[in-house]
Amino acid sequence: MDASSSKPPRRGALFSIPLQLSEEERTLATTLRFLCSAGLALLVPLLLVAPWLEIDGVRIGLGVYSFASNVASLWLISRGRLRPATGLFLGVIFASSLVTILGGGDGYRSTAFDGTLLAAVLGGLLLGWHAGIVLGSAHLALFTVIFALGRLGWLSSPVLPPSELVSWVTREHGGAQP
């Protein structure tokens, strides 16, 4: 057997799923590929119109970070590395939510807490109930710490400038009044 035959076959495009995966792994890969592709489909137009929506640099940076991580997750999926791809995808959701929670100054009232809860639910669905319990516990611990710090007055003032888009959405669609 020569060295060239031991190399894995070329796996194709960024959006492909390797054929050697089991049925369960193919389902996970298809689901994660859909989520990453949907994220890319939402991020590209948002990043293109960001100057007109007056989105600040930090939020644009989070969008670029999310875009790059979705592309990296798709690349990992196309190589058959599903657990690292899922971990990267969920880690970005959790980290972006945490930056928004701490930077926005809203504390436990932040709408970004939905992101950490979403990561916990997706972790349970994509990686199994053990991961769901770990991520759910992390969400609960994070919420408890932020709630306690907010009640004690120890949270810092907002670092991120207020977003006109978020203010408009919460005002116009029944959210909390600023």
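Reader: What volume does the second largest pocket have?
Author: Happy to start there, with a predicted model in which local features need pLDDT of at least 70, side-chain atom pairs count only at pLDDT 80 or more, and totals for chains, interfaces and linings use all residues. Residues are numbered from 1 along each chain as its sequence is written, and side-chain values use heavy atoms, without hydrogens and water. A pocket is an open set of points on a 1 Å grid over the protein atoms alone, where a 1.4 Å probe fits, with protein on both sides within 12 Å along at least five of seven lines. Taken as the space filled by probe spheres set on the points, the volume of the second largest pocket is about 220 Å³.

Reader: Which element gives the most to the lining of the second largest pocket?
Author: Lining residues have an atom within 4 Å of a point, and there are 13 of them here, with Glu-24, Glu-25, Leu-28, Leu-126 and Leu-127 the closest to the centre of the pocket. Helix H1 (23-53), H3 and helix H4 (113-127) each give two or more residues; helices are DSSP runs (H or I, at least four residues), numbered from the N terminus. With 5 residues, the one that gives the most is H1.

Reader: Is Ser-157 buried or exposed?
Author: Ser-157 sits in the loop between H5 and helix H6 (164-172). Buried means under 20% relative accessible area, exposed over 50%, and partly exposed in between, with a 1.4 Å probe and protein chains only. Because its relative accessible area is 55%, Ser-157 is exposed.
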